[in-house]
Amino acid sequence: VSTQSTGVAQSRMSKVRLYVYDLSMGMARQLSPGLLGREIPALYHTGIAAFHREFFFGGGIQEAGEPNPMWTSQPAMQHQIIELGETTKTAQEFRVFLASISHRFTQATYNLLEHNCNNFTDECARFLIGEGIPAHITGLPAELMSTPIGAMLRPMLDQFQQQMMGQGQSMDPFGNGGQQPVAANPWGDQGQSLSQPPANPWAASAPAPAPAPVPAPVTAIVAQHQARTDLAFKAQYER
């Protein structure tokens with residue numbers, strides 16, 4: 001009986017994968033040697049996949065089917081899929097965990113350098129498999145800020161983020177484009193749904209004033225996020 005029970009438990013274990021996106025679509029690798037004196041492979045965004053869903057942090061904890069429509073529709077952003085292992089946690093336990101941390105991962109708490117999508121997937125990985133995501137991903141902001149140009153850009157990036165947040169806009173490149181967990185639980189009655197999402201961010205609104213000027217490479221990358229990432233997500237979920 002014990003052997004049979006173990007076999008059933010193993011069959012219910014879910015693989016855990018880390019989807020690693022390059023938000024710069026190759027620009028980081030091209031521009032970083034000249035700007036920073038070292039090569040930065042990518043500007044990382046990550047989503048963690050388990051139980052056939054991908055979860056990520058953007059305007060709150062969000063989820064999409066695996067693979068995420070953003071992954072399949074944006075080949076230039078596909079950097080790597082890392083097999084993290086298998087989890088002994090159940091879908092219900094993971095759902096409860098997400099609910100327990102949801103107050104710390106909201107649009108208001110997002111910080112580009114210190115509390116971002118990669119910090120979220122790192123916490124999820126520690127819960128699911130007992131260890132975090134690769135350190136070179138979570139450590140990238142500190143690595144960038146340790147360079148002379150990074151130290152110079154830090155005040156401008158902070159000002160840019162404050163202005164964006166002040167306008168009610170998410171600094172996360174995926175914004176609120178994904179599906180937030182709502183009462184119609186995609187896992188049926190296996191887990192506990194999270195709180196209702198905020199008002200639709202795609203609703204018509206008055207255009208916001210332009211943020212403070214930032215250096216051209218940074219402006220170019222941000223423009224790519226807005227034009228290719230947010231709008232692509234919007235198109236996917238409005239179908």
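Strands here are DSSP runs of E with at least two residues, helices are runs of H or I with at least four, and both are numbered from the N terminus. This is a predicted model, in which local features need pLDDT of at least 70, side-chain atom pairs count only at pLDDT 80 or more, and totals for chains, interfaces and linings use all residues. Residues are numbered from 1 along each chain, and side-chain values use heavy atoms, without hydrogens or water.

β4 runs antiparallel to β3, and five bridges join them. DSSP must find at least two bridges for two strands to pair. One of the pairings sets F55 against E63 in β4. Three residues separate the strands of this hairpin. In the turn, G59 has a positive phi of about 65 degrees.

Now to helix α4, residues 91–101. Its buried residues are A91, F94, R95, F97, L98 and I101. They lie on the same side of α4, because they cover an arc of only 160 degrees around the axis, taken from the directions from the axis to the C-beta atoms. Their cover includes β3 (53–57), β4 (61–65) and α5 (117–129).

D22 lies in strand β1, residues 14–22. What does the side chain of D22 make a polar contact with? The partner is the side chain of S24, at 2.7 Å. The backbone nitrogen of L43 lies 3.1 Å from a polar atom of the D22 side chain.

Key. Buried means under 20% relative accessible area, exposed over 50%, partly exposed in between (1.4 Å probe, protein chains only). Contact means heavy atoms within 4.5 Å. A polar contact is a pair of N or O atoms within 3.5 Å; within protein, one must be able to donate a hydrogen and the other to accept it, and residues adjacent in sequence count only if both atoms are side-chain atoms.
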